[in-house]
Each structure stands twice: as C-alpha cells, then as structure tokens.
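Biologist: I am new to this structure. Please show me how to read its features, one at a time.

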Amino acid sequence: MTTLNPGAAMDHEVPRNRLLNVVRLQFVNTQTFVVVPALVLGGAWLISMLIFWVIGGAGVDGVKAGGGSQAPLWYFLAIGIQAMTMTFPFSQAMSLTRREFFIGSLAAAAVSGFGMALVFVLLGLFEQATGGYGINGYFAYLEWIWVAGPFAAGLTYFTATLFFFTIGFWFATIFKRFGALGLTTALLGLGLVLVGLVALATFQQAWPSVGRWFTETGSLGLTLWGLLLTGILAVGSYLTLRRMPA
Amino acid sequence: MDEGKPLFVQIAEQVEESILDGSIAEEAQAPSTNELAVFHRINPATAAKGVNMLVDKGVLYKRRGIGMFVSPGARELLLKERRNDFALRYVQPLLAEAQRIGLGPDDVADLIRTGAGATPAQP
Amino acid sequence: MNSVIQVRNLTKRYKDAVALDDVSFDIEKDAIYGLLGRNGAGKTTAMSILTAQNLPTSGEVRVFGENPYENARVLSRLCFVRESQKYPDDANPRHAFAAARLFFPRWDQGLAEELIDDFQIPLKRTIKKLSRGQLSAVGVVIGLASRAEVTFFDEPYLGLDAVARQIFYDRLLADYAEFPRTILLSSHLIDEVSNLIERVLLIDAGRILMDESAEDARSLATNVVGDAAAVDRAVNGREVIHRESLGRVTSVTFLGRPEASERAAMAAQGLEFAPVSLQQLIVRLTQQRSAGRDRSPAESQEGSLR
C-alpha cells in the first residue's frame, strides 16, 4: 500500500461478482435473451419443416437444405441494439462502470449465443442421424458448415451470434453518442471501405485468388477470422462507449 | 410558533415545556435525538443541537448507552429561568402595546386585577 | 472535516451552454444536503459528474478520495436516483428491484418491501405503463433501500402527490436517523425540504451562490415591515435584497441580523420583524443575481457571518 495518497476508498474492496451480476441483470427479464431468440429459432425450424414437407409432397426427393437457421442470427443484431439502448442507462443507475456493463453484456450475449449454438448442433446431429427427419430435409445440418465436425459447426454458429450482437451494440452506441448524423456517417464510411475493397480486388484482378482464399480457408478458418473480427468490433464498441454520457 | 428563532431552540423549548408541565418527570427518559427528528420532521443534527443545548443548561444528562434523562431539579431550574424571562417576554410587550393604545401602567394593572379580557371593552 | 466528496474548479461546457462554471465545494460525511436552485441551474449536471455518468470539461472531482470515473470501488458505494431515469422497455418494477438488490451491497429487502407497500407500486406492470408518480416512486424505493453511503436524489418527487411526498420525507428521515449516510437531495420545493436538510448548496447559472448550514442560512436575512421612512432609516447601510411597498407601508428584506438592542430600537419605532424562510431567501438571492449584480451577496456577506 502506498502512503502517498491513502484515499478512503482504499480500504474498500470492490464487491465481488459484479460482472456476473451484469449477466444476471441482462437475464432478470428473460424475454430479450432467452424467450425471443428461442421463439425465432423454433419458428424458423417449424416453417422450414413445413416447406420441406410441401416440397416432399410435390415429389422432390433430393437433399433439401434451408437457410432458416440463420434467422436467429439476425435477431442478435436487435439484441445488441436493445442491450445498448435499453439497459445501458439503467446500468448507470445501478452504479456500474461502463466497462462492467460492456463485458457483462457481451458475456450475456455469449451465454445466449452458446445456448443457440448448442440447439443448432443438437438439431444438426439429429438430422444427420435420421437422414433429415426421414424426408431429406436439413435445417441445421448444412454440409459446408459441418465439414470440420459438430464442434466446428457449433463454433461457427456461436461466432455468428456474437458477431451480429457486437455490430448491433456498436451501431446503437454510435447512434446514442453521436446521433443520427453520426450513425449515417459511420455507415457511409463502412460502405466506402467495402466498396474500396471490392474496387481493389477488381482492379488488381484478384477475384480468383479471393475466391480461392475463401475456399481454402474453409468454414472453420473463416470462423476463426470471424472471431477476430468480432473481437475488433467489441474493442471498437467499448472505446465508443467508454466516454459516453449516460 | 416561529418567531424567527432557530429551529434547534424551538425544539429545546418544546422539551422544556414537557418538563414544565410534568409530562416528562425528573429522572425519566427524555425523547432521543432521532425520536425528536422524526416527530418534528427535522434533520437529526438540528434535533441534536437542541438536545445538547439542554445538556449544557443542566436540564438533561446522558446515561451512557441508554439515552438522555431529565436531571433532578430540572423543573425548578426551568421555572426559575422562565420567571426571570417573564418581564422581558410578556410584560414589556404588554406595556408597549398598552402605551400605543393609550393605556398607562396603572390601567393595565387594574385590567389584570379585574381579570380583563373576559369582556372586551366597547369603543 | 471529513468530506466524502471534493469538487475543485469543475467546469462543464455543452455545445451551446456552460452548465457548471468553475465550481468548488465539499460534501461532508453523514449529512443531508439540499442541492437547491432553479431548473437548468446545473444541479443534474453536477450529480451526473459526481456519479461518473457524465464527464467534466475541466476541473477535478474526488469521491472517497478517488476519481469516480470507471471506478467500481467508488461507484459501488453510490446511488444516483435520476428524475428521468430510463428502464429497459420490457422491465417491470419487480425486475428493477431485483437488479438493484444485485448491485447495492447494503440493499435492505425488508425496507424495500415496506416502501413498495407505502407507495402502492404495481410490481408486475411494465414500467412504460406506470404513471409519472409511480415511476418516481420506483426511483425513491431504489434510492432509500440501497442505503448507499452517498445517495443522490435528483428531484425524486415528480408526479408524487403531497401525501406520497410526505411518506418519502418521513421515510428518508427515519431511515437516515437509524442509518446515517450522506444524502444529496436536489429540489425546488424548498419549503418542503428546508427542515430536512443540514446544509444548503445553492446553484445558480452554473455557480455556487450559497454553501451554508441550513441553520445559518435561515438567519442570513431579516425582513422588516413598517412605515416607509422608518424602514428606510432602519436599513440604512445594509444590503437590501428585496423591497416592496403598499401605500406608506414598506417591506424590506436585508442581509444580516440586527443585534437585540438594534431590534429593540427598531421595534420601538413600530417596525415589525418577520423571519425570512429559506425559500424566500433563495428566491430573493437568485432574483437579485439574475438582475445583474456582479458580486453575489452571499459572498460579500460571508466575512460578517463568521
């Protein structure tokens, strides 16, 4: 202990489990992180099943793979926005630091994303075992994602949830801090960067190698890149949030 | 009740009243600072100031860990003080008002003796 | 001196306005402070910065000896009840209290439940659907039951009727008496809180206009009423902060308290004294200040008061 500045706060420990409690805070009302994502997943599954059944009834016997399982991913964009716009001001009333709020919310999204990924993998394994519910219909078992096995498939799904969550969270933060003009500017900037990358690939006539890179990297490799990108987005979100007034 | 007197003085006076009229006996426990604060809806620090004033005066004394008690002889002490103040607090304003409406000290004395006030004088 | 909060040369500038202008003050431990002043005077900004919900433009803030910004060690000992607190859209009061119980180490569930009863808060109605008064009551319950070492109440009574406000004041006082802590209560219902508070911090246009004990503040000014000429003689040489006349009768509020002998002399001339309530004093001081005096009367008078 330094004797230079013995502030009164020195003898006070930070109460433990505050981070864990932020996760619990996000789950106090189960609707956002549990009920709605489960509904979206269940609904998408049901609709996919109906479509497979209709197509099967029309006499198509081939492999039927739908993209319905991606629906909940988009919802994580909304969760990211809500966690920011609704819960952040309240977190301030609960005397939380921005860092605690951010890490805790990310952890809550991870818990929710993990649950979704688990359901995704279990469905995929079931589809694998039953030959697509016996009607060759695949909701979760999408070959390209599953090449590296169930664990990698789960990781891909999990990464995607977090990726969308952080995007939603960051854009909501930008909107709250810099207003509609700030958000528009950020989106425009992002668009310009993407167009720039496309232009670069086009002018360098690099598309074949870009395509090759995607194929060679595979779903697992792309997932790992995605994790890295999510990490960068998370850092960006935190830096935007760090000095934002409540 | 407010004559611009500080709040803590008013609180102290109210406790004195209770001792004078016998509702708190000598050697009995006096209301605590917190009780006074909650009852009169005032800040406990203000109530404490009033209580301390009574302690300094010898009206109350503290029993460690139990609370405040009325000192033996407190009532006599207060009576003496009130009698001393009587002229200043009641007689002087009475005479000042009497003078303003044209009554001399003798008129006032007469009024007091005959128990005036029961029948207001007609102009 | 045992101050839990120290503010030095704090300035907060927004794009188009200065909310706090080089403000310095201390907050003592275990006292109830009244943070008084008009709307827009800078009360909310000051509280937001003290609780690290907002950032200063310049100057320094110390809470428990440390900078509160992103400081969980400090923040976990504070509770800030905002007048316009936002809650998650789909949350109900039960959710809000459950959350508060997680984060305030001294939270008292028994007290919370009593208060919920007192204010008749519907626990399962969505917060969005609560009346303004019920919404305020949710904040009041969190602020009181958290028993935080420093609790900030920013106009906590909006929409509460007189009965509910009295419940708040009574509960605050009773719980404070039992569990002393530091409380900053911002309000413009000055009469209602003037007996509750131990110290007054008056903010006007981003500056501290008064930093006094409530007791001293109440004796800061005197009001004298009587014949215009006599009143003028009596207040000659004193700093007059307000004057009004009706026919030959004049009422003047001036700073300071005349000695008993002076009072007797004035009374002999038929002048009457009336106390100046905290509310009157504050209204007069802020009016006088906005009238454009460059020196605040509280400052110029300080020397003679100490």
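**Rings and an interface**

Modeller: This is a predicted model. Start with Tyr61(B): it is partly exposed, because its relative accessible area of 23% lies between the cut-offs of 20% and 50%.

Biologist: Is Phe69(B) buried or exposed?

Modeller: Phe69(B) is buried, because its relative accessible area is 6%, and buried means under 20%.

Biologist: How do I read a pair of aromatic rings?

Modeller: A ring pair is described by the distance of the centres and the angle of the planes. Tyr61(B) and Phe69(B) form a tilted pair, with 6.3 Å from centre to centre and 35° between the planes.

Biologist: How many aromatic pairs does the structure hold over all chains?

Modeller: The total over all chains is 23. Take Phe101(A) and Phe169(A): their ring centres are 6.2 Å apart and their planes stand at 35°, so this pair is tilted. The pair links distant parts of the chain, 68 residues apart. Phe101(A) sits in helix 4 of chain A, and Phe169(A) in helix 7. Both residues are buried. They also belong to one aromatic cluster, whose members include Phe27(A), Phe88(A) and Tyr238(A).

Biologist: Now the interface. What area is buried between chain A and chain C?

Modeller: Interface size is often given as the accessible area lost when the parts come together. Between chain A and chain C about 3,200 Å² is buried, and carbon and sulfur atoms give 59% of that. The side of chain A that touches chain C has 18 nonpolar, 11 polar and seven charged residues.

Note on methods. Residues are numbered from 1 along each chain as its sequence is written. Chains are lettered from A and ligands numbered from 1 in the order in which they are written. This is a predicted model: local features need pLDDT of at least 70, side-chain atom pairs count only at pLDDT 80 or more; totals for chains, interfaces and linings use all residues. Side-chain values use heavy atoms; hydrogens and water are left out. Buried area is the accessible area (1.4 Å probe) that two parts lose on being put together, summed over both. Ala, Val, Leu, Ile, Met, Phe, Trp, Tyr, Cys and Pro count as nonpolar, Asp, Glu, Lys and Arg as charged, and the others, Gly among them, as polar. Rings of Phe, Tyr and Trp (its six-membered ring) pair if their centres lie within 6.5 Å; planes under 30 degrees apart count as stacked, over 60 as edge-to-face and the rest as tilted. Helices (H or I, at least four residues) and strands (E, at least two) are DSSP runs, numbered from the N terminus. Buried means under 20% relative accessible area, exposed over 50%, partly exposed in between (1.4 Å probe, protein chains only).
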